[in-house]
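Please examine the sequence and the structure, then work through each task and its solution.

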Amino acid sequence: MSTPQALQLSPENSFSIQSDCQAFYSPSSIEQLTSIAPLLDEPFYVLGAGTNTLFVDESTPTIIHPDFHGINANDCGDHVLVTGQCAENWHQFVQFCLANGYYGIENLALIPGSIGAAPVQNIGAYGVELADVLDSVTWYEFSAQTLHRFSNSECQFGYRDSIFKRELFGKGLIVSVTLKLTKYWQPTLSYQGLAELGEQATPEQVFQQVVDLRRSKLPDPEQLANAGSFFKNPVVDQDKFSHLQQNYPDMPFYPQPTGKYKLAAGWLIDQCGLKGFRQGKVGVHQHQALVLVNYGQASGQDIYRLAQHVQQLVRQKFAISLEPEVRLLTSHGLIELAEIKN
Ligand code: NAP
């Protein structure tokens, strides 16, 4: 269905923020993509399951919500190439792969969202990220009205980052994603909560442990509206790290191959006394400080101001500027989180 229609978007985002869009397209074939290509206003925004976007204003630009479905697998001997169309649910895709003996994405169980959104921010959890298993992405370019195939390296993956967020943003959309999964599996157990399973753990056990861990720590958006981790974990250089460690010897840190140090944004926020902090209709989740929640009827501006407040307190205490992982969509397009001037 590719007819434009004005729409109220609160069911379309896990923050449950009310916002209107003037035109909403949900193409389900290449022919439909081609038919809407000449009609698109600038800017338009591609929305998957709406689990990583904050509608900041009362209206949004034109929304394209692709509706391509289907999964197929191609057995290549020791590995399997599994292709999911963009609108398939990510967690159900993980379950499908596990049930069929295609291994490698158990640690990514229960991440909310669609398959098409997964490469955009290179989803990651419990020591595995999509880039570790991705074979290729099929991407539709509106101006040329053609499909392109991107190999893993052409996707230019980084920490919660890819070419689809940068150079290709606003130019097209991901139609399908192909993963290279294995039949001969080695568990990734480096994270707390998984290590205790031991090297003999089965893929099913790792999958279940990740599901249990996430359910115990993270609020279900169906019960309490949220978009998962709101901020990215900051990565700091050696000097900054040494200075912080002198002042905060208990601070968790993770050395990176680049010689830098990843810090836990949730810990920094917690140290500012913000875990469980409530500001009107919005707040910082009481068990996971990285998650901002809508207690009901909040506006996008309410969440945005809370995010600014969190960012300001962390900056004052640690001289670190947290960056949102969630994408901030105004009526004019995406924006950065503006710092509050002290
Ligand atoms: P946690 O165990 O409390 O750890 C806090 C942070 O420290 C994590 O974000 C993780 O960074 C990092 N970390 C922990 N152990 C690490 C290790 N052995 N090596 C390198 N880095 C390590 O984390 P949590 O908040 O419960 O989250 C657990 C996992 O689920 C994390 O991987 C997190 O990214 C993921 N998660 C993602 C979302 C989302 O919306 N994207 C939401 C919730 C949780 P990384 O984030 O870089 O892994």
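## Exercise 1: Charged side chains

A network of salt bridges links Asp161, Arg166 and Glu167. A salt bridge is here a side-chain nitrogen of Lys or Arg within 4 Å of a carboxyl oxygen of Asp or Glu. The model is predicted: local features need pLDDT of at least 70, side-chain atom pairs count only at pLDDT 80 or more, and totals for chains, interfaces and linings use all residues. Residues are numbered from 1 along each chain as its sequence is written, and side-chain values use heavy atoms, with hydrogens and water left out.

Task. Determine how far apart the closest N and O atoms of glutamate 167 and arginine 166 are, and state how exposed each residue is.

Solution. Step 1: side chains of opposite charge can pair when their charged atoms come close. Step 2: in the salt bridge between glutamate 167 and arginine 166, the closest N and O atoms are 3.2 Å apart. Step 3: the classes of exposure are buried (under 20% relative accessible area), exposed (over 50%) and partly exposed (in between), computed with a 1.4 Å probe and protein chains only. Step 4: glutamate 167 has a relative accessible area of 42% and is therefore partly exposed. Step 5: arginine 166, at 34%, also counts as partly exposed.

## Exercise 2: Partners along the chain

Solution. Step 1: helices (H or I, at least four residues) and strands (E, at least two) are DSSP runs, numbered from the N terminus. Step 2: the side chains of lysine 183 and aspartate 75 form a salt bridge with an N to O distance of 2.9 Å. This pair links distant parts of the chain, 108 residues apart: lysine 183 belongs to the loop between β13 (172–182) and α3 (203–217), and aspartate 75 to strand β7 (residues 71–75). Step 3: lysine 183 is partly exposed, its relative accessible area being 28%. Step 4: aspartate 302 and arginine 305 also form a salt bridge, with their closest N and O atoms 3.2 Å apart. These two residues are separated by about one helical turn because they lie three residues apart in helix α6 (residues 300–318). Step 5: arginine 305 is partly exposed, at 42% relative accessibility. Step 6: the count of salt bridges comes to nine.

## Exercise 3: Asparagine 52

Task. Is asparagine 52 buried or exposed, and which residues is asparagine 52 in contact with beyond its neighbours within four places in sequence?

Solution. Step 1: asparagine 52 is located in the loop between β3 (44–46) and β4 (53–55). Step 2: with 13% relative accessibility, asparagine 52 counts as buried. Step 3: contact means heavy atoms within 4.5 Å. Once neighbours within four places in sequence are set aside, the contacts of asparagine 52 are Gln121, Ala227, Glu325, Val326 and Arg327. Step 4: a polar atom of the asparagine 52 side chain lies 3.4 Å from the backbone oxygen of glutamate 325.

## Exercise 4: The surroundings of the ligand

Task. How many residues surround the ligand, and how much of its accessible area does the protein cover?

Solution. Step 1: a residue counts as near when one of its heavy atoms lies within 4 Å. Step 2: the ligand is surrounded by 18 residues, the closest being Tyr191, Lys217, Lys262, Gln288 and Glu325. Step 3: β9 (124–125), α3 and β14 (225–229) each contribute at least two residues to this shell. Step 4: a polar side-chain atom of tyrosine 191 lies 2.5 Å from an oxygen atom of the ligand. For a polar side-chain atom of glutamine 288, the distance to an oxygen atom of the ligand is 2.7 Å. Step 5: of the 790 Å² of accessible area that the ligand has on its own, the protein covers 82%; such areas come from the Shrake-Rupley method with a 1.4 Å probe, and for residues only the protein chains shown count as cover.

## Exercise 5: An open sheet

Task. In what order do the three strands of the open sheet lie, and which are the edge strands?

Solution. Step 1: two strands pair if DSSP finds at least two bridges between them. Step 2: the three strands lie in the order β15-β17-β16, with antiparallel pairing. Step 3: β15 (235–236) and β16 (253–255) are the edge strands, each pairing on one side only. Step 4: two bridges join β15 to strand β17 (residues 261–263), and valine 236 stands opposite tyrosine 261 in β17.

Notes:
Polar contact = N/O pair within 3.5 Å; in protein donor to acceptor, adjacent residues only side chain to side chain.
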